[in-house]
2 protein chains.
Amino acid sequence: MSDFATFSAGYRVAQMARLFEQALAEALRPHGLTPGQFPTLLALWHRDGQTQAELVREIGIEQPTLALTLSRMERDGLITREPNPADSRSRIIHLTRHARSLKEDAIAAAASVNARALAEIEDEEAELFMDLSARIVSTLRERTD
Amino acid sequence: MSDFATFSAGYRVAQMARLFEQALAEALRPHGLTPGQFPTLLALWHRDGQTQAELVREIGIEQPTLALTLSRMERDGLITREPNPADSRSRIIHLTRHARSLKEDAIAAAASVNARALAEIEDEEAELFMDLSARIVSTLRERTD
DNA sequence: AGTGTTTAAATAGCATGCAATGCGATTGCG
DNA sequence: CGCAATCGCATTGCATGCTATTTAAACACT
């Protein structure tokens, strides 16, 4: 483990991400949702009726990843994909009534995971953490974008 | 995106983790290695000849996840799995000569990813980030462990 | 010795993520 | 207008991660 010292940031972050995902999975399970669906749901709760390409830009994952997630969400009765009269290449994604009804509970569940994760650190520290994370994200993005 | 505010920590961390993984994948690719193999390699570079169960404890992933990673590493000529004379349920994992030869370069590649990720933040900030991350990790672990 | 429990691995099934391709629809430009 | 380039999406193939289950071996305790 001592060897980890030089590059433990990546390891630590990966570990944190897995724990967050597991906690979110547990919190969302009672509502029949999974962590991977959550960003898409947030985007559609915010503005229903977007195309896949719009969602990809908003969520920041690759298009094939979203395509598969949307298929699972369609299978699970969370969304429908309607033809787009303005451009027949794309389709308009709509939430089902059921998905709309889950908004409050799901957001509360996710918020509580976050609150729990940050429970042991002070508010200013949490802010600092978010700030540093944002800076690391943009640094890592530079070369790839 | 405004809705993200309340629970953006999990989202931010997930995003960071994906960027780290992608950067590490790119850095390791020339050496024929993948990010998921790296923790196992570190553990075996540190001490060769461990069992799967020992590695699981050390690395902190689930046993089936490691089993599959080890299969891929075996397929790729990085490890061998020898019978354990002391306990025929388990097998002793050994690095191949080739995997041993990759140590310096792979560690340098991973370290450079880390250095790049942290390039834009001060040393004390990086330390703080690591500390806060560690505290979030142990908080999230509490309920599940 | 014999049986029940624990332990080590393997396997099945699933969710997310990626890169690379293919394909039809649209757009832009000569 | 017509063709080339671009765009939107689907699909394929792969890597990682998880949970749940199975199998065999080792242990423990009567």
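How many residues surround DNA strand D, and which are the closest? In this predicted model, 27 residues surround DNA strand D, and the closest are A:Q52, A:A53, A:Q63, A:R91 and B:T34. A residue counts as near a strand if one of its heavy atoms lies within 4 Å of it. Sugar and phosphate account for 70% of the atoms of DNA strand D that come within 4 Å of the protein.

| Residue | Atom in the residue | Distance to a phosphate oxygen of DNA strand D |
|---|---|---|
| A:A53 | polar backbone atom | 2.5 Å |
| B:R72 | side-chain N or O atom | 3.2 Å |
| A:R81 | side-chain N or O atom | 3.3 Å |

Helix 4 of chain B gives the most to the surface near DNA strand D, with 5 residues. Helices (H or I, at least four residues) and strands (E, at least two) are DSSP runs, numbered from the N terminus.

Now to the sheet. Chain B has an open sheet of 3 strands in the order 1-3-2, with antiparallel pairing; two strands pair if DSSP finds at least two bridges between them. Its edge strands are strand 1 (50-51) and strand 2 (79-83) of chain B. Strand 2 and strand 3 (residues 91-95) of chain B are joined by 5 bridges, and B:T80 has B:H94 as its bridge partner.

Residues are numbered from 1 along each chain as its sequence is written, and chains are lettered from A in the order in which they are written. Local features need pLDDT of at least 70, side-chain atom pairs count only at pLDDT 80 or more, and totals for chains, interfaces and linings use all residues, while side-chain values use heavy atoms, without hydrogens and water.

How values were computed:
A polar contact is a pair of N or O atoms within 3.5 Å; within protein, one must be able to donate a hydrogen and the other to accept it, and residues adjacent in sequence count only if both atoms are side-chain atoms.
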